[in-house]
Number of protein chains: 2
Amino acid sequence: MKIYSGIPKHLVAVDCIIFGYDIMEKELKLLLIKRGFEPAKGKWSLAGGFVYENESLEEAAARVLYNLTGLRNVYMEQNYTYGEVDRDPGARVISTSFYALIKIQDIDRELAEKNGAHWRSISRLPELIFDHTRMVERALNELRQQAKVKPVGFELLPETFTLVQLQDLYEAIYQRKIDKRNFRKKILSMNLLEKLDEKEKITSKRGAWYYRFIPEKYEVFTQKGFYFNLDVS
Amino acid sequence: MKIYSGIPKHLVAVDCIIFGYDIMEKELKLLLIKRGFEPAKGKWSLAGGFVYENESLEEAAARVLYNLTGLRNVYMEQNYTYGEVDRDPGARVISTSFYALIKIQDIDRELAEKNGAHWRSISRLPELIFDHTRMVERALNELRQQAKVKPVGFELLPETFTLVQLQDLYEAIYQRKIDKRNFRKKILSMNLLEKLDEKEKITSKRGAWYYRFIPEKYEVFTQKGFYFNLDVS
DNA sequence: TATTTTAATTGTATCTATTACACTTAAAAA
DNA sequence: TTTTTAAGTGTAATAGATACAATTAAAATA
């Protein structure tokens, strides 16, 4: 096809900001990789890759994530596109960032290790290559906004979780203490959780009830015109 | 340079969703163009263009806007990147959308006309090419979110405006009636406006006081930990 | 078996923000 | 002088957000 001939083309990449929540350490983490190739070999970076001719950006990001973790059908959200001419010293690369929310325990550890991937807490990240630190900051901001108004937090937790664990997650995301009674009041009042007949007994003698997030309840909730809201003191 | 050799490259474009507010008709409008070239010649579309080798996405978007309107230093916000393989039937083009907020009266009318640009109300948009309708929807959503929590509305108004005009703008953005007293109470309580010693006397005998948004006041306001909020009934 | 220990669970009162609502006023026109 | 028209103004009721501490369940220990 002759259309659009003579127009410059660009290398286009995707970079994935992969969030996971460590339920024991109560820390929000990022899956980072030590680059095994030039430029910046040996430096920490986000998981990324070039976009092929026959795939969309979303497909490319899903592929990168799959190759690193073995996971498919992960919650991903496009975040921002970085197009500064000099952002990659190797060549001009335009990169679209996506953030992914995954359940840490689900990843293929062997595969991740083979690719040089490591979990690092967001509160003490290493220096990252290029503009990846900016990418992380923007993605974290976005996640913080989203977690207030959409039930995305559950993507980071196991299928079943206790209210204490859910609150710990939110405290890790926002890096601040939340009032226990207010938090429970608010999340339970939305009626999106199902209380199970089972207790988590590792962290306390008494044990804490397990809950499960029910997507169908959320559907009904939104269809009735309600809005998810976990913006709590 | 041999780095990254053998990797497929892509056409990359930007598309601009150019918002303007018609203060007389009380309508939010988009500056759309009738395409003068194939594919889809004669159809309505957003203003767009390919990204050159020596410019960032933001620079490309600013250039497209400048060429159409003669305006520089316009409020623009990157919105989303559309990378579906088949989104443009002419060739595979990856396009990043930006929305721009401009003061309708500021544009170079002659230049705009020469480029086939026309203002169209958002409440009755024509059919647009490709995925441009989706782009507009997403941008409008984004604008609606932003206008609640950031003082972006003023970008769409003349330097001086009346509170009635400001409210009309918000009603046009959200397509619903807002309570006059509550709106005024809220905007004035933030202390971001300066009341001028002059009245707008065209639309009423009594006249309405002109105000001006003071960016410096907004700086102080945010530095004190306050957040802009015009989410009003 | 009774006591201790520890984390989970629960409710209310106060404060703040949002909402609903209608009359008065300024100024030109008649 | 009266009429007309849009601008401008305040308060009470409601809902939502916040601050705050004692009780309970269950294992571990004495």
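Predicted model: local features only at pLDDT ≥ 70, side-chain atom pairs only at ≥ 80, totals over all residues.
The contact between the two protein chains is considered first. It takes 35 residues from chain B and 33 residues from chain A. Together the chains bury about 3,000 Å², and 62% of this area lies on carbon and sulfur atoms. On the side of chain B, the residues that lose the most area to chain A are B:Tyr4, B:Lys9 and B:His10, which together account for 21% of what that side buries. Between chain B and chain A the count of salt bridges is 0, whereas 12 residue pairs are in polar contact, with both residues at pLDDT 80 or more. Four elements of chain B give two or more residues to the side that touches chain A: strand E1 (11-22), helix H1 (57-69), strand E5 (75-82) and strand E6 (93-102). By class, this side of chain B holds 19 nonpolar, 8 polar and 8 charged residues.

In the contact between them, 13 residues of domain 1 of chain A meet 11 residues of domain 2 of chain A. The area buried between the two domains is about 1,200 Å², with 62% of it given by carbon and sulfur atoms. Of the area that domain 1 of chain A buries against domain 2 of chain A, 41% is supplied by A:Tyr21, A:Ile23 and A:Arg144, more than by any other three residues.

The count of salt bridges between domain 1 and domain 2 of chain A is 1. A salt bridge is formed by the side chains of A:Asp168 and A:Lys26, at 3.6 Å from N to O. On the side of domain 1 of chain A that touches domain 2, strand E2 (27-34) and helix H3 (132-149) of chain A are the elements that give two or more residues. Helix H3 of chain A gives the most to this side, with 4 residues. By class, this side of domain 1 of chain A has 6 nonpolar, 2 polar and 5 charged residues.

DNA strand C is surrounded by 23 residues, of which A:Lys180, A:Arg184, A:Lys205, A:Arg206 and B:Arg206 are the closest. Of the atoms of DNA strand C that come within 4 Å of the protein, 46% belong to sugar and phosphate. One of the bases is approached by A:Arg206, whose side chain has an N or O atom 2.3 Å from a base nitrogen of DNA strand C. Two lysines of chain B approach phosphate oxygens of DNA strand C instead: a polar side-chain atom of B:Lys199 lies at 3.5 Å, and one of B:Lys201 lies at 3.3 Å. The elements that give two or more residues to the surface near DNA strand C are helix H5 (180-189) and strand E10 (208-213) of chain A, together with helix H5 (180-189) of chain B. The residues of this surface near DNA strand C divide into 3 nonpolar, 6 polar and 14 charged.

DNA strand D is likewise surrounded by 23 residues, and the closest are A:Lys185, A:Arg206, B:Arg184, B:Lys205 and B:Arg206. Sugar and phosphate make up 47% of the atoms of DNA strand D that come within 4 Å of the protein. From chain A, a polar side-chain atom of A:Lys185 lies 2.9 Å from a base oxygen of DNA strand D. From chain B, the side chain of B:Lys180 has an N or O atom 3.2 Å from a base nitrogen of DNA strand D, and a polar side-chain atom of B:Arg181 lies 3.5 Å from a base nitrogen of DNA strand D. Two or more residues of the surface near DNA strand D come from each of H5 of chain A, H5 of chain B and strand E10 (208-213) of chain B. By class, the residues of the surface near DNA strand D are 3 nonpolar, 6 polar and 14 charged.

Note on methods. Residues numbered from 1 in each chain as written. Chains lettered and ligands numbered in written order. Heavy atoms only, no water. Contact = heavy atoms within 4.5 Å. Buried area = accessible area lost by both parts, 1.4 Å probe. Salt bridge = Lys/Arg side-chain N within 4 Å of Asp/Glu carboxyl O. Polar contact = N/O pair within 3.5 Å; in protein donor to acceptor, adjacent residues only side chain to side chain. Nonpolar A, V, L, I, M, F, W, Y, C, P; charged D, E, K, R; others polar. Near = heavy atom within 4 Å.
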